[in-house]
Amino acid sequence: MEREQNMKTNGLLEKVDRSEQRPVAGWFLLLTVCAVGIGGTFQYGYNLSFINAPTMHIQKFVNESWLENRGTQLESWTITLIWSIIVSVYPLGGFIGALIAGPMAVRLGRKKSLLINNLFVVLSAILCGFSRYASSFEMIILGRVLSGVNSGVSMNIQPMYLGESAPRHLRGTVALSSAVFTALGLVLGQVVGLREILGSEEFWPLLLASNVVPAILQLLFLPWLPESPRYLLIDLNDKDSCVQALQRLRGKCDFSIELEEMMAEQAAMKGQSPKGLFDVVRDPCLRKQLLIILVLSSAMQLCGNDSMYFYASYIFAAAGIPYEKIQYVVIGTGSCELLTSITSTMFIDRIGRRVLVIGGYSLMSVWAVVFMVALSYQAQVSWIPYLSMVCIFSYILSFGIGPAGVTGLIPSEIYDHMARPAAYMIYGSLMWIMLFVTGLAFPFIVQGLGHFCFIPFLIVCVSTALYVGFFLPETKGKSILEITEAFTNHRAKPHHAENGYRGPQEIQSTSL
C-alpha cells in the first residue's frame, strides 16, 4: 500500500516537473482573482452603496403604487418604514446566504457554488427592474433579499476559494483582493448612482437591476478557470485534477513543495468528514480560533466604519458644501477605502496580518477621538467642519489598511480544510447580524450620545486592537498545517495521539 502511494506521488511529481516547460501563468492567477471578485465581494459593495441614490424616487414610487393598488395614500411615517424595510432586508438576505454558503462549498465545490450563486442576483435584477411596470414595491423588497443572499454566499466562498488557490507567498495578497473588489463595488455604486447616470427618477429601476452586469461577467469567465486545488485533492481525492489546476494557476513555477504540503494536509484529514456548524462550536480544540472569529467578524461592523458613510452627508453639509455637490464628495470616501485596500495588498505578505489589523484599529481609535472633539466645537469654530471631513476620510482610510481585508482572510488560514466552510458560516452570519444591529442602533446612539456618538465605536476599536495583539498569532508565510498545529498543539496532543494524528513533518516523511 505504501509502495503504491509512493508510485502515485512520484507520478504526480513527474507531472509537476513537466509543468516547468509551461509558460508563466501569473496572468492566469490574476484573471482568476478578477473573475471571482467581479461577481463576488464586488456585489456586496455595489449593492450597499447604489441604494442610497434613488431614496426619494423609491419612496415616491412606494406611495404611488400603494395608491394605485389600494386606492389610499400612505402617511409619511409608513413610507419611511417601508423604505427602512427595503434597506434592512439586504443584511437579512446576507445572513441567509452566509448560512447556506458552507453546505454549498462542501457539496458543490467553491467554483460551482460561485457560479450558481449568480442565479440569486439575476432573479433580483429581474424583480427590481420590472417593479415599476408591475407597480409593486414588494418586488423590490424580495429583490433586495435575493441580492443579499448572493452577497452572503460570495463573501464567504470567495476568500475561501482564493485562499486555497493562491501560493503560500501570495496568499495574503490574493485573498485581500476581496476587500479591493468590495471597495471597487462601493465606488462604482456611488458613481453609477449619480443623478446624471442612473440615479434619476427615470432610470432608478435600471440602477437597481444593474447588479446583473457583474453576474453576467462572472458567468462568462469563471467557467474557464479551475476549481480550488485543495478541494479537488482533499474533498474529491482527485490528484490528477489537482495537478492540472496547479499547473494552470502556477504555470512555469515549481509547485512540487506546495503539492507535498497539500498531500500532507490530505493525509492529516484522512478519515474525517467536513465539520458542521455545531461541530466547530463544540470542539474544544477549535475554541481559540472560534473566539478570534467572533471578535474580528463582530468588530468589522461594530467599529462604525459603515456609520461613517451614513454620517458623511451631514458633515459635508455642515462644512458648507452645496447639496448638489455632496454626492461627488461622498464618492471620495469610497475611493479612500479602495486606495488603502489596493495599497495593503502590496504589503500584507511582507509585514504580516497582525500589524495591519492592529495598526488599522489603533488609527481608527485616534480619529474617533478627534472626530468627537471636532463635533463638539463644530458650531463655535468656523474651520472645525473641515477637520470633521478630514476625520471621516482618515477613519475610512485606517479601516481599509487592515480590518477591511485581513478579517476575511483569517478564517481560511486558522482553520483546517474540514472546518473552514463552517468557520466561514460563523464569520459571515455574525458579520451580517452586526451590520443589521449597527444600522438599526446608530440613529438612537446619535440621539442619545450626541457629539460623543463614537464612544461605543472607540471602545470596539481599542478592545479589538488589544485582543489581536495578545491572541492572534502571525500567519504570514506559514502552511495551513503549521498554523493549525500552532493553535491546537498545546491543547490537543492527547486527543490527536488517540486518533493517530501526526504532524505535517511526520506525515510527509512517511507518505512521501
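Tutor: Start with helix 3. Its buried residues are Thr41, Phe42, Gln43, Tyr44, Gly45, Tyr46, Asn47 and Ser49. Keep in mind that this is a predicted model. Helix 3 runs over residues 41-49, and eight of its nine residues are buried. That is why helix 3 counts as largely enclosed by the rest of the structure.

Now turn to charged residues. Side chains of opposite charge can pair when their charged atoms come close. This structure holds ten salt bridges.

Which residue pairs with Glu261 in a salt bridge? The partner is Arg168, and the closest N and O atoms are 2.0 Å apart. Glu261 sits in helix 14, which covers residues 256-268. Arg168 sits in the loop between helix 8 (137-165) and helix 9 (171-192). The two parts are 93 residues apart in sequence, so this pair ties them together. Check the accessibility of each partner. Glu261 has a relative accessible area of 15%, so it is buried, the cut-off being under 20%. Arg168 has 28%, so it is partly exposed.

Stay on helix 14. Glu265 also lies there, and its partner Arg230 lies in helix 12 (residues 229-235). Their side chains meet in a salt bridge, 2.8 Å from N to O. Here the parts tied together are 35 residues apart in sequence.

Asp279 and Arg282 form a salt bridge at 3.4 Å, N to O. Both residues are in helix 15 (residues 277-282). They are three residues apart, which means about one helical turn separates them. Asp279 is partly exposed, with a relative accessible area of 36%. Arg282 is exposed, at 55%.

Salt bridges can also be linked. Arg110, Glu164 and Arg420 are joined in a network of them.

Next, go to the surface. Trp27, Leu31, Val213, Ile216, Leu217, Leu220 and Phe221 form a nonpolar patch there. Together they have about 660 Å² of accessible area. Helix 2 (26-38) and helix 11 (212-221) are the elements that give two or more residues to the patch. Which of them gives the largest share? Helix 11 does, with five residues. Ile216 is one of the patch residues, and it is found in helix 11. With a relative accessible area of 42%, Ile216 is partly exposed.

Last, see how two helices pass each other. Two packed helices are described by the angle between their axes and the distance between the axes. Take helix 16 (residues 287-302) and helix 21 (residues 403-414). Their axes come within 10 Å and cross at roughly 160°. Angles over 145 degrees count as roughly antiparallel. Helix 16 and helix 21 are therefore roughly antiparallel to each other. The crossing of helix 16 past helix 21 is left-handed.

Now go back to where we began. Find helix 3 in the model and trace its eight buried residues.

Technical notes. Residues numbered from 1 in each chain as written. Predicted model: local features only at pLDDT ≥ 70, side-chain atom pairs only at ≥ 80, totals over all residues. Heavy atoms only, no water. Patch = residues over 30% accessible without salt bridge, like charges linked within 9 Å, V, L, I, M, F, W, Y side chains within 5 Å. Areas by Shrake-Rupley, 256 points an atom, 1.4 Å probe, with all protein chains shown as cover. Salt bridge = Lys/Arg side-chain N within 4 Å of Asp/Glu carboxyl O. Helix = DSSP H or I, 4+ residues; strand = E, 2+ residues; numbered from the N terminus. Buried < 20%, exposed > 50% of the residue type's maximum accessible area, 1.4 Å probe, protein only. Axes fitted to C-alpha atoms, helices over the stretch in contact; angles between N-to-C directions. Parallel < 35°, antiparallel > 145°, perpendicular 65-115°, else oblique. Left-handed = near helix turned anticlockwise from the far one by under 90°.
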